[in-house]
Amino acid sequence: MDKDPSSFSLKSTDKPENEKTFAESLLSDVDTYGNEESNFEDVDIHIQENLEDDFIKEALKSGMDLRQYSRQIEKELKEVENASIQDSSLHNQITACDVILERMEQMLKLFQSDLGSISNEILTLQQQSVSMNIRLKNRQAIRGELSQFVDDMIVQESLIQHILESPVTDKEFLEDLQILDHKIAFVKEQSFKDAKCSQDVKDVLEKLKIKAISKIREHLLQKIYSFRKPMTNYQVPQNALLKFKFYYQFLMTHERDIAREVREEYLDTISKILFSYFKMYTSRLMKLQFEEVADRDDLMGVIVTDAQNTEKVGSYDRGGLNYLSLKVGNRGNVLTTELESQIIVPHSAQKNETKYTFESLFRSQQYALVDNACREYLFITEFFMVSGRSALELFNSVMGKTLTMFLKNTDQYVQDCYDSIALFLSIHIIHRYQVLMHKRDVPALDKYWETLLQIFWPRFEYILQLNIESIRDCDPQKFTNIDKRPHYITRRYAEFSAAIVGINENFPSERVARLLAALQVEVENFILRMAAEFPDHKDQLIFQINNYDMMLGVLLERTKEDSRESESFKDLLNARILEYVEEVLSPYFGGMMTFVKDCEKYLERGQTENLKTESAKVPALVKSFNSGWKKAMDEINGDIMTTFTNFKNGTNILQTALTQLIQYYHRFQKVLSQHPFKNLPVRSELLNIHHIMVEAKKFKTNF
């Protein structure tokens, strides 16, 4: 087994000082062998030992150059030596590191010990900081409360000077009065807590309070007395009082008797001012009403016989002056554009000689009341610091006399009023002003509005009932010169009904709907009674159609298209038109119409024998129709267009008649296509229905 060179080298580690290699030593031993015989034995032993080495034996056998081998060995030894030196240096470094680490461990242990003591010191400092912070806050709180206490307790010289010397209207007086109010309340509170220092300033504050109350009382009463001056707009000083509402609050807090005196003086003064103003305004306002007003004779069913009275109205309506009380016209503007417009100024209207209807005067009066009432209620709640029932009581103290006067005057007028339109408009004025005041958050006049409605409603219903009875009791035989045009009584009804329905749309009332339904029934009965005065059925239908058409036109112009009244008259009008069409076609095509109706009945029942008997009529009917249908159309057109007052209605009736004629002819052709007529030779002479339709279109207008 070959030896590792390192093992070999370990045996030769004992080098001479001159650091000769093993090979050199061996050669040296051989060279000196002859010269130093004395060392022969040692050399021999040494050589023998080396020659026994397996690696050397192998080298000798192979003929290796020992010198080269010596250099290689030397090189390896050098490397091993360097590695050994490095290992020795690393060992020294590790040893040094161990020493350093040991010293660091001792230092860290010492540092850990120091940190433990520092942590304890930090905890101690934190506890001390919290304790100091609490003591600081307590001291600050005590200092602040004590400072505030001292400030609230001390009466400054400037405060005394302003309360005693400054005018009440100065800003400084108001500010110091608030300070004084606070100090009085504070000292009173401290006296309950037995604070001895409160006794030191109590007398001073009491004297200042008395002085302030005296000055405030004098100032407020002077402001109130200034309202009484003639030609004074009291609203200006009233608004100025709101700037000093704290004065009244101060009186209420410290001297209620004085506050009550001021309040009662204000209420009494304003009550008299408003009562005087509205009494004079109402008196002058009512003088502007039209002199000609409706009376008991101005009802729908009243028969007008006075020719002079008739001439005062337009030629279309021959119904007399009462027509004015049954037509709304532009009177409805009081509920729209004029509702919140400026009130009527009497002296200006008198100067211009302007006259008004009752509802316009009523609107102006009530709008003036609404404005003043809202202003007074809001002032009372703000200045006197009241609300709810207390505010209403004070308001009634101010406006009570005025409202009572209004109710009395309104009741007197309404009891003698027969102008139902004016009454109904006034009712809706009340509804709208009630809503307006609720929007302004002023409920003060709710009871007043309800009382007014209780005055207006019974009278309105009574007048409406009178109109119903007047139409019911109307005798057609008392009328002279009855013609087929719309009657003036139905014209009155149409205008009145349209007015009431139109007004009632925003605030519907079932009681009004019931009365209008009863009125409509009486009007329809009246039309039937009047139509019965005509001996000819065709004339009766013309009268009914003209009246229904006129009433429907007025209603559609003023109300919604789907109103109950409009729908009812549409049905009546359409039914009468269909009857009239049958009447107007009958003179020209009566034979064909009867033939068609009879044959359709027989076909429906299956009576073929009866159909055979009708066959003989067919040739004459066909020839009669072919020879006269164009001329008949022209004559029907002339008759209809000169009969009806409404040209549009007449055109509609003409088109209905021609349509009905075409339908009859179509049915006639259909009947002739059935057995036993379909084999008749005369069927070849039947006209093409499209030819008739083209001719009918020539009578159609383009509007």
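**Figure 1. Contact between helix 15 and helix 17.** Leu-403, Phe-406, Leu-407, Thr-410, Asp-411, Val-414 and Gln-415 of helix 15 meet Tyr-448, Thr-451, Leu-452, Ile-455, Phe-456 and Arg-459 of helix 17. The model shown here and in the other figures is predicted. The residues of this contact comprise eight nonpolar, three polar and two charged. Helix 15 covers residues 388-415 and helix 17 covers residues 446-472; their axes lie 10 Å apart and form an angle of about 5 degrees. Helix 15 is therefore roughly parallel to helix 17, since angles under 35 degrees count as roughly parallel.

**Figure 2. The chain as a whole.** The chain contains 25 helices and zero strands. Of its 703 residues, 41% are buried. Among contacts in the chain with a separation of 6 or more, 78% are between residues 24 or more positions apart.

**Figure 3. Contact between helix 11 and helix 14.** Two packed helices are described by the angle between their axes and the distance between the axes. For helix 11 (residues 256-286) and helix 14 (residues 358-383), the axes come within 11 Å and cross at roughly 170 degrees. The two helices are therefore roughly antiparallel to each other, because angles over 145 degrees count as roughly antiparallel. Helix 11 contributes Tyr-266, Ile-270, Leu-274, Tyr-277, Phe-278, Tyr-281, Thr-282, Leu-285 and Met-286 to the contact. From helix 14 come Phe-358, Leu-361, Ser-364, Gln-365, Ala-368, Leu-369, Asn-372, Glu-376 and Phe-379. By class, the residues of this contact are 13 nonpolar, four polar and one charged.

Figure 4. In soluble globular proteins, nonpolar side chains tend to be buried together. The largest nonpolar core in this model has 170 residues, and Leu-180, Leu-519, Phe-589 and Phe-668 touch the most other members. Helix 21 (residues 564-605) supplies the largest share of this core, 14 residues. Leu-180, when its neighbours within four places in sequence are left aside, is in contact with Leu-159, Ile-163, Leu-205, Leu-208, Lys-209, Ala-212 and Phe-250.

Figure 5. His-428 is located in helix 16, which covers residues 420-439. With a relative accessible area of 1%, this histidine is buried, because buried means under 20%. Apart from neighbours within four places in sequence, His-428 is in contact with Leu-335, Ile-503, Asn-504 and Phe-507.

Figure 6. Glu-175 belongs to helix 7 (residues 171-192) and counts as partly exposed at 37% relative accessibility. Its C-alpha atom is separated by 9.5 Å from that of His-162, a residue 13 residues apart from Glu-175 along the chain. Ala-518 is placed in helix 19 (residues 510-531) and is partly exposed, with a relative accessible area of 33%. Between the C-alpha atoms of Ala-518 and Gln-465, which are 53 residues apart along the chain, the separation is 9.0 Å.

**Figure 7. Cysteines Cys-97 and Cys-417.** The count of disulfides in the model is zero, where a disulfide requires cysteine sulfur atoms within 2.5 Å. Cys-97 has a relative accessible area of 42% and is partly exposed. Cys-417, at 5%, is buried.

Figure 8. Most residues other than glycine have a negative phi, and most peptide bonds are trans. Glu-353 has a positive phi, near 55 degrees. This glutamate lies in the loop between helix 13 (346-352) and helix 14, and its relative accessibility of 69% makes it exposed. Met-385 likewise has a positive phi near 55 degrees. The loop that holds Met-385 runs between helix 14 and helix 15, and Met-385 is partly exposed, with a relative accessible area of 42%. The peptide bond from His-675 to Pro-676 is cis, with omega near 15 degrees. Pro-676 is in the loop between helix 24 (647-672) and helix 25 (689-697).

Technical notes:
Residues are numbered from 1 along each chain as its sequence is written. This is a predicted model: local features need pLDDT of at least 70, side-chain atom pairs count only at pLDDT 80 or more; totals for chains, interfaces and linings use all residues. Side-chain values use heavy atoms; hydrogens and water are left out. Axes are lines fitted to C-alpha atoms, for helices over the stretch in contact, and angles run from 0 to 180 degrees between N-to-C directions. Helices (H or I, at least four residues) and strands (E, at least two) are DSSP runs, numbered from the N terminus. Angles under 35 degrees count as roughly parallel, over 145 as roughly antiparallel, 65 to 115 as roughly perpendicular and the rest as oblique. Contact means heavy atoms within 4.5 Å. Ala, Val, Leu, Ile, Met, Phe, Trp, Tyr, Cys and Pro count as nonpolar, Asp, Glu, Lys and Arg as charged, and the others, Gly among them, as polar. A nonpolar core is a set of buried Ala, Val, Leu, Ile, Met, Phe, Trp, Tyr and Cys residues joined through side-chain atoms within 4.5 Å. Buried means under 20% relative accessible area, exposed over 50%, partly exposed in between (1.4 Å probe, protein chains only).
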